[in-house]
Amino acid sequence: MITTYEDAKYKLLTFSLDEECQCFFQKNNCILELAYSKIFTDEPSLAEELFKQSCNLNPRSKWGLKLAGMLLNKPVPYPTYFELRNFLEIDLNLLINYDKGAYADEILSYSDSFFSVNPEVYKYIGRVFWNNGLYSYGKFFLERAKNYFFSDPELHVLLANVYIAEGRPEKALSAVDNCLDILPDYFPAVVLKKNLTKI
């Protein structure tokens, strides 16, 4: 039984949303959380209405309103740089883990537009796919990111991990070396190189 906000939020964020959780959000006027629950239960129109109610209370609701609009194929204003930096990766991860592939695809259809606002978007998307074991999708977006942000050390480490997952240690070592050329003491790359040279 859910008795605290923390319990309900934990269920929402760990992909365990149920009717009891939604009832808790509704009863306790947790409008933002209820709006997200409506997205994950395939009710984006209700989510849109809820996000509208809380737009002046929470900056995340402004992003949520755009998110719901995109899922409903409505014209929406471009998200801001900070909305993309703060919320895109988290929400894309939630959509993937709630098995909302069609919604994730809809959001990804805006990736080039998002990139025009925040050029790190491809890395954010690639990292989500990598973290969810969807390596080929991750590689696609990380390679795109590399074309624009070659000097980002984290990007090369992410790519190295993708190449390791593909069983291509020589490619991974090259990515790690690219990272260390940019930032010689970048700890994740230093550790990765030690591990790769043992293979």
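The salt bridges come to 17 in number, a salt bridge being a side-chain nitrogen of Lys or Arg within 4 Å of a carboxyl oxygen of Asp or Glu. This is a predicted model, in which local features need pLDDT of at least 70 and side-chain atom pairs count only at pLDDT 80 or more, while totals for chains, interfaces and linings use all residues. Residues are numbered from 1 along each chain as its sequence is written, and side-chain values use heavy atoms, with hydrogens and water left out.

**First stop: Lys38 and Glu43**

Select Lys38 and Glu43, whose side chains form a salt bridge with an N to O distance of 3.7 Å. Lys38 counts as buried because its relative accessibility is 14%. Glu43, with a relative accessible area of 28%, is partly exposed.

**Second stop: Asp42 and Lys100**

Select next Asp42 and Lys100, which are joined by a salt bridge of 2.9 Å, N to O. This pair links distant parts of the chain, for Asp42 is in the loop between α3 and α4 and Lys100 is in the loop between α6 and α7, 58 residues apart. The helices named here are DSSP runs of H or I with at least four residues, numbered from the N terminus. Asp42 has a relative accessible area of 45% and is therefore partly exposed. Lys100, at 13%, is buried.

Select Arg127 and Glu154, where a salt bridge spans 2.6 Å from N to O. Arg127 belongs to helix α9 and Glu154 to helix α11 (residues 153-165), so this bridge ties together parts that are 27 residues apart in sequence. Arg127 has 16% relative accessibility and counts as buried, whereas Glu154 is partly exposed at 22%. Now extend the selection to Glu89, Glu120, Lys123 and Asp152: together with Arg127 and Glu154, these residues are linked in a network of salt bridges.

Select residues 44-54, which make up helix α4. Which residues of this helix are buried? They are Pro44, Ala47, Glu48, Leu50, Phe51 and Ser54. An α-helix has 3.6 residues a turn, so residues three or four places apart point the same way. Display α3 (31-40), α5 (59-71) and α7 as well, since the buried residues of α4 pack against these helices, with contact taken as heavy atoms within 4.5 Å.

Most residues other than glycine have a negative phi. Select Phe15, in the loop between α1 (5-13) and α2 (19-27); its phi is near 65°, a positive value in a residue other than glycine. Phe15 counts as partly exposed, because its relative accessibility is 33%. Then select Asp99, in the loop between α6 (81-97) and α7 (101-108). The phi of Asp99 is also positive, near 60°. Is Asp99 buried or exposed? Asp99 counts as exposed, because its relative accessibility is 68%.

Finally, select Pro119, which is found in the loop between α8 (111-117) and α9 (121-131). Pro119 counts as partly exposed, at 31% relative accessibility.

How values were computed. Helix = DSSP H or I, 4+ residues; strand = E, 2+ residues; numbered from the N terminus. Buried < 20%, exposed > 50% of the residue type's maximum accessible area, 1.4 Å probe, protein only.
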